[in-house]
Amino acid sequence: MDKTEFDAWMAETRRSIRNWRMDDLRYENDGEILAYKGGARGVFILAEADGTVEIGDYDGAIPHIGEAFFTVKHRRKAGRCADDAFRIVCQRMGTSFLLDVLGFTS
């Protein structure tokens, strides 16, 4: 990773300080939906491919969320797949969460 890439990842991490973000790479690679908020240290919601939802804290997202250490606080089966589970999360979290994750807020 060169300095330009590092700076771009750090900018993405900083955007998560105020707003929920989604890790698109995790969805593309693993079929899991990871939403996070807090910058280098914060909270996350993970909808796993089997429909399980994990909620907890993360730390060490430098330069990006893929580098973080995750501590699961709650785990529950919520659907048959990640999309089912994430739909339920969005229903519970509300419109502002969904708008953040989809990138409609800055």
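1. Lys-37 lies in strand β2, residues 33-37; helices (H or I, at least four residues) and strands (E, at least two) are DSSP runs numbered from the N terminus. At 28% relative accessibility, Lys-37 counts as partly exposed, where buried means under 20% relative accessible area, exposed over 50%, and partly exposed in between (1.4 Å probe, protein chains only). The C-alpha atoms of Lys-37 and Ser-16 are separated by 4.8 Å, although the two residues are 21 apart along the chain.

2. On the basis of the note: this is a predicted model, in which local features need pLDDT of at least 70 and side-chain atom pairs count only at pLDDT 80 or more, while totals for chains, interfaces and linings use all residues. Residues are numbered from 1 along each chain as its sequence is written, and side-chain values use heavy atoms, with hydrogens and water left out.

3. The largest pocket has a volume of about 240 Å³. The elements giving two or more residues to its lining are β4 (52-59), β5 (69-77) and α3 (82-93), and α3 gives the most, with 4 residues. A pocket here is an open set of points on a 1 Å grid over the protein atoms alone, where a 1.4 Å probe fits, with protein on both sides within 12 Å along at least five of seven lines; lining residues have an atom within 4 Å of a point. The volume is the space filled by probe spheres set on the points, which are joined across faces, edges and corners.

4. The lining of the largest pocket has 7 nonpolar, 1 polar and 3 charged residues. Among the lining residues are Ile-45, Val-53, His-74, Arg-75, Arg-76, Arg-92 and Met-93. In this classification Ala, Val, Leu, Ile, Met, Phe, Trp, Tyr, Cys and Pro count as nonpolar, Asp, Glu, Lys and Arg as charged, and the others, Gly among them, as polar.

5. A search of the whole structure finds 10 salt bridges, each a side-chain nitrogen of Lys or Arg within 4 Å of a carboxyl oxygen of Asp or Glu. Asp-84 forms one with Arg-80 (3.3 Å, N to O) and another with Arg-87, with the closest N and O atoms 3.9 Å apart. Asp-84 and Arg-87 both lie in helix α3, 3 residues apart, about one turn of the helix. Asp-84 is buried, at 14% relative accessible area, whereas Arg-80 is exposed at 70% and Arg-87 is partly exposed at 44%.

6. Glu-12 forms a salt bridge with Arg-21, the closest N and O atoms being 3.1 Å apart. Both Glu-12 and Arg-21 are buried.

7. Leu-98, Leu-99, Leu-102 and Phe-104 make a nonpolar surface patch of about 390 Å². Patches are made of residues with over 30% relative accessible area and no salt bridge; like charges are joined within 9 Å, and nonpolar side chains (Val, Leu, Ile, Met, Phe, Trp, Tyr) within 5 Å. Accessible areas come from the Shrake-Rupley method with a 1.4 Å probe, and for residues only the protein chains shown count as cover. Leu-98 is in helix α4, residues 95-101, and is partly exposed, with a relative accessible area of 34%.

8. The peptide bond from Ile-62 to Pro-63 is cis, with omega near 0°. Pro-63 is found in the loop between β4 and β5.
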